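The entries follow the order in which I checked things.

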Amino acid sequence: MRFVIQVVEKASVLIAERADGTVPEGGGYISGEIGQGLLVLVGIGAKDTRQIADRMVTKMKKLRIFEDENGKTNLDLASVGGSLLMVSQFTLYANCKKGNRPSFIEAGLPEMAEPLFGYIVDKCREGGTKVETGEFGALMKVSLINDGPFTIVLDSDEMGWQG
């Protein structure tokens, strides 16, 4: 599992085309929008589990990556009353080792990844955290104002939490 975590002043996601291929009236709609917090791009691999998701969510929510009153990155999401915008992104599992066309064979199939993404969102909401989302499988336009910029990649394989 991979999380690309960006500290943001604000972020939103517009659904430009639904997962079923239909285009919303007016060119799209905002499915999620937050102020201060974290925009999290979530890549789910073929071998990922709920146990890995639990560890990833716990780690993400405890990261001390927000500035305190002295300008030190010393506060976690809850300490600043921040929100989460969670966006599923299978392309985080792109393998570009051979050739110029990425392979996505390591990404979780939608029938496994979609319920696991829903589980991750539910786990993020525990404790009262405001969580907004994109739409699984949709064509999305993500807008954000980075704060820093401050971006971290959490990879369960690198953390030793393989499925």
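Buried here means under 20% relative accessible area, exposed means over 50%, and partly exposed lies in between, with a 1.4 Å probe and protein chains only. I noted that this is a predicted model, in which local features need pLDDT of at least 70 and side-chain atom pairs count only at pLDDT 80 or more, while totals for chains, interfaces and linings use all residues. Residues are numbered from 1 along each chain as its sequence is written, and side-chain values use heavy atoms, with hydrogens and water left out.

**Entry: the cores.** I asked which residues touch the most other members of the largest nonpolar core. They are Phe 3, Leu 38, Met 86 and Ile 120, in a core of 30 residues. I then looked up where the members come from, and found that strand E1 (2-17), strand E3 (37-43), helix H1 (50-62), strand E6 (83-88) and helix H2 (110-125) each supply at least two residues; helices (H or I, at least four residues) and strands (E, at least two) are DSSP runs, numbered from the N terminus. Helix H2 gives the most to this core, with seven residues. Apart from this core lies another, of 12 residues, which includes Val 4, Val 13, Ile 15 and Val 87.

**Entry: Phe 3.** I listed the contacts of Phe 3, taking contact as heavy atoms within 4.5 Å. Not counting residues up to four places away in sequence, Phe 3 touches Val 40, Leu 41, Val 42, Met 56, Val 57, Met 60, Ile 120, Ile 152, Val 153 and Leu 154.

**Entry: the chain as a whole.** I counted two helices and eight strands in the chain, and along the sequence they follow the pattern β-β-β-α-β-β-β-α-β-β. The radius of gyration, taken over C-alpha atoms, is 16 Å, close to the 15 Å that the globule rule gives for 163 residues, so the chain is as compact as a globular protein of that length; the rule is 2.2 Å times the number of residues to the power 0.38. Along its principal axes the C-alpha trace spans about 45 × 45 × 30 Å. Of the 163 residues, 40% count as buried. Among contacts between residues at least 6 apart in sequence, I found that 76% join residues at least 24 apart.

Entry: Gln 6 is found in strand E1, and at 12% relative accessibility it counts as buried. Leaving out residues up to four places away in sequence, Gln 6 touches Gly 37, Leu 38, Leu 39, Leu 41, Leu 144, Asn 146, Phe 150 and Thr 151. C-alpha to C-alpha, Gln 6 and Val 57 are 14 Å apart in space and 51 residues apart in sequence. Ser 88 lies in strand E6 and counts as buried at 17% relative accessibility. With residues up to four places away in sequence again not counted, Ser 88 touches Val 42, Phe 117, Phe 136 and Met 140.

Entry: Asp 54 lies in helix H1 and counts as partly exposed, at 26% relative accessibility. Beyond its neighbours within four places in sequence, Asp 54 is in contact with Tyr 119 and Lys 123. I also looked up the pair Asp 54 and Cys 124, which are 70 residues apart in sequence and 9.2 Å apart in space, C-alpha to C-alpha. Gly 118 is found in helix H2 and is partly exposed, with a relative accessible area of 28%. Gly 118 and Ser 143 are 25 residues apart in sequence, and their C-alpha atoms are 22 Å apart in space.

Entry: Is Asn 70 buried or exposed? At 60% relative accessibility, Asn 70 counts as exposed, and it is found in the loop between strand E4 (66-67) and strand E5 (73-75). Lastly, I noted that a cis peptide bond joins Gly 148 and Pro 149, with omega about -5 degrees, and that Pro 149 is found in strand E8 (residues 139-155).

Methods: A nonpolar core is a set of buried Ala, Val, Leu, Ile, Met, Phe, Trp, Tyr and Cys residues joined through side-chain atoms within 4.5 Å.
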